[in-house]
Amino acid sequence: MTDAQVTVKDLIARMQKEESFPAISQHISELNLKAAPSSESSANELASLILRDYSLTSRLLKVANSAMYGQFSGTISTVSRAVVVLGFEQVQLTAAGLILFEHVQYKAKSHYVKEAVLSAFLSGIIARDLAKRMAVKGWENIYIGAMFHNFGRLLGMNYFPEEYCKYQQLVEEGEGEGEDTAAREALGLTFSDLGIGVAKTWSLPDQIVVSMKLPRESDLDKEGKNINHQLLLPRFANELCDISMNVAPKERRLQLAKLVARYRNVYPIRFNEIVLMVDEAISEM
């Protein structure tokens, strides 16, 4: 077992001491167990599990009837129909996202945690729109993947505030050392490693785990069928979101231009289209 794995285990053990974390862990794990490909659960059994949580039920039905699923908008009145129409996997992913982000937002005390939740949803919308614009199949998984891309960072903010403050301080004083180096010094591992470790503990699907990984520069040189959209699109969307939300207006256009140029080989979208897409996503959110 590597040092990183030991650290993940230790951090999960610390999170389990939080009053609400064991409950959310059990809820998501049970949901994933019912929806797993190897499960023999019926649509009604999965629906029954979701129906135990009134808030989750109402939010899931709102999402299922939203413009995101245009052809079904306004026609899904029960959770069991949502499972049949959208499929086990999509309901599983959407429900897990709703459970997690509602939990984090409810207990968030720091403004940067709330901003991170908003950023996760905005990144999902941007990723969805990019996938549709580029005719990439499976935009639903990419949408959820973008929401979970910075899952480890969100866990760090929420459950380890002292370590996260140390991380922020190290980044500010880092003199170019990088965010991963700062995270390792503050928490003992990268945020990506933390997110992936918890995701595997919860048995989240493989495509979500892939979405939390950080692409290598060589991944941006791939072409055609060799492009791993589940890896690259969530990262691209989160970087676009980060610049849009955190960079001063006078510097934003230059930073966006550099980012678009960096991803141009895999996603050849014109700069003005990207800017318009981000503005529309902010309005939608």
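The following dialogue explains how terms are applied to this predicted model.

Visitor: How many helices and strands does the protein have?

Guide: The protein has 16 helices and 0 strands. Both are DSSP runs numbered from the N terminus: helices are H or I, at least four residues, and strands are E, at least two.

Visitor: What share of the protein is made up of buried residues?

Guide: Of the 285 residues, 50% are buried. Buried means under 20% relative accessible area, exposed means over 50%, and partly exposed lies in between (1.4 Å probe, protein chains only).

Visitor: Which residues of α15 are buried, and why are they said to line one face?

Guide: L256, L259 and V260 are buried in α15. Seen down the axis of α15, the buried residues fall within an arc of 95 degrees, so they line one face of the helix. The arc is that of the directions from the helix axis to the C-beta atoms. On the other side of α15, K250, L254 and K258 are exposed.

Visitor: What do the buried residues of α15 pack against?

Guide: They pack against α14 (229–246) and α16 (271–284). S244, which lies in helix α14, touches R252, L256 and V278, not counting residues up to four places away in sequence. Contact here means heavy atoms within 4.5 Å. At a relative accessible area of 12%, S244 is itself classed as buried.

Visitor: Why is the pair E239 and R235 called a salt bridge?

Guide: A salt bridge is a side-chain nitrogen of Lys or Arg within 4 Å of a carboxyl oxygen of Asp or Glu. The closest N and O atoms of E239 and R235 are 3.5 Å apart, and the pair forms a salt bridge. Both residues lie in helix α14, 4 residues apart, about one turn of the helix. E239 counts as buried at 17% relative accessibility, whereas R235 is partly exposed at 24%.

Visitor: How many salt bridges does the structure hold?

Guide: The structure holds 10 salt bridges. One of them joins D219 and R216, with the closest N and O atoms 3.7 Å apart. D219 is buried, with a relative accessible area of 8%, while R216 counts as exposed at 56%. In another salt bridge, the side chains of E273 and R270 meet at 3.3 Å, N to O. Salt bridges that share partners join E217, R235, E239 and R262 into one network.

Visitor: What makes the link between E179 and Y167 a polar contact?

Guide: A polar contact is a pair of N or O atoms within 3.5 Å; within protein, one must be able to donate a hydrogen and the other to accept it, and residues adjacent in sequence count only if both atoms are side-chain atoms. The polar contact between the side chains of E179 and Y167 is 3.4 Å. E179 lies in helix α11 (residues 179–187). Because its relative accessibility is 41%, E179 counts as partly exposed. Leaving aside neighbours within four places in sequence, E179 is in contact with R153, Y167 and V171.

Visitor: How many disulfides does a search of the whole structure find?

Guide: The search finds 0 disulfides. A disulfide is a pair of cysteine sulfur atoms within 2.5 Å. As for individual cysteines, C241 is buried at 0% relative accessible area, whereas C165 counts as partly exposed at 40%.

Terms used
Residues are numbered from 1 along each chain as its sequence is written. This is a predicted model: local features need pLDDT of at least 70, side-chain atom pairs count only at pLDDT 80 or more; totals for chains, interfaces and linings use all residues. Side-chain values use heavy atoms; hydrogens and water are left out.
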